[in-house]
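Reader: I'm new to this. Could you walk me through reading a structure, one feature at a time?

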Amino acid sequence: MKKLIIAILIIAMTVSCVAAFAGCESADYNVGIVQFAPHTALDAANNAFQAKLAELMKAEGKTVKFYNNNATGEVSNATTAAETLVNRNVDMIFAIATPAALAVQAATKDIPVVFTAVTSAQTAGLTDSNITGVTDLNDVDMQVDLMAKLVPSATKMAILYSRDEPNSELQKNLAVEAMEAKGITVVVQGISDMQDVEPAFNNFKKEGVQCIYIPTDNRLAEGASSVHSANMATEANIPIVCGETEMNKLCGIATYGVNYAKLGEQSAQVAFDILFNGKKPSEIVVVDPVVTADDFSISEDIATAIGFTIPDEVLALAK
């Protein structure tokens, strides 16, 4: 009986040690993630990044562990997350959206940083030698051309954007230039928070705006459903073109949207080149997305809700 008890104790200790070892097993690479806000576009970039980087590492017999952080739209949270990852001494940090990238940049000059969902690294000041990534600058000229197809008779268009987001400011300026080149009068409305959206639509209605452009804007993307609600509540019922596909599904009519899952996969390739292939961020040129006809989408449900008829020319683009 005594021998049996000893044997059982030995087995139990062995199982315990194996379990403890397995639980403490470390990955070949540790990658921290700071996502600025929870919305479909940024989620898509994050999920695709993790899946693709894990796939690339597995093909080489390597493993990667992710430390995922969502700042829920708060800069202070992004700062805390970035500092925590630096203290953890991760091998790389993936920053999703400009505020997250800026927070990470402020936290480290040594750990490699890969960003995405940043419209212009130069404009945002993300030019340190340890930083590179993939932008989400959509083709604004293409979007304005689409707006002209949606409302061929349009003489007045509007731009709705967050005035405190530098990348939205950049896209706003590009859109103004493209609209004015077509002889269109432009009504520009910047917001500071979502409470400004309904008054903006009241103003658009008063001004006789015929179509609205919204850039890849973090605040408005996160509140896209509220944008649609404001459009209807004010009875403005103005067709909208968004810079991003998932956002457009919630409040827009049509778009040549940047595919954020593709951006995540491209970012994973950049991360792989740094982690596994030994490249330095300074050796990798920032990548811009390529928007093609395949990235076109329409939201017929939104059109029906606001009583807008999509022209046949635009419907044909989806075929």
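Reader: Okay, what volume does the largest pocket have?

Author: Before that, the ground rules: this is a predicted model, where local features need pLDDT of at least 70, side-chain atom pairs count only at pLDDT 80 or more, and totals for chains, interfaces and linings use all residues. Residues are numbered from 1 along each chain as its sequence is written, and side-chain values use heavy atoms, with hydrogens and water left out.

Author: Now, a pocket is an open set of points on a 1 Å grid over the protein atoms alone, with protein on both sides within 12 Å along at least five of seven lines, and a lining residue has an atom within 4 Å of a point. Grid points are joined across faces, edges and corners, and the volume is the space filled by probe spheres (1.4 Å probe) set on the points. Here, the largest pocket comes to about 420 Å³. Its lining has 25 residues, and F36, P99, E165, N218 and R219 are the closest to the centre.

Reader: Which helices supply at least two residues each to that lining?

Author: A helix is a DSSP run of H or I with at least four residues, a strand is a run of E with at least two, and both are numbered from the N terminus. For this pocket, look at α2 (40-59), α4 (98-107), α7 (166-181) and α9 (218-222).

Reader: And how many strands are in the open sheet, and in what order?

Author: Strands pair if DSSP finds at least two bridges between them. This open sheet has four, ordered β7-β6-β8-β9, with parallel pairing. The edges are β7 (185-191) and β9, each pairing on one side only.

Reader: How many bridges join β8 to β6?

Author: Three, with β6 covering residues 156-162. Look for M157 opposite C211 and A158 opposite I212. Three bridges also link β8 to β9 (residues 240-242), where I240 is the bridge partner of I212.

Reader: Are the residues on the two faces of β8 buried or exposed?

Author: We call a residue buried under 20% relative accessible area, exposed over 50%, and partly exposed in between (1.4 Å probe, protein chains only). In β8 (residues 211-214), C211 and Y213 on one side are buried, and so are I212 and I214 on the other. Across the protein, 50% of the 319 residues count as buried.

Reader: Last one: how many helices and strands does the protein have?

Author: You can count 14 helices and 11 strands.
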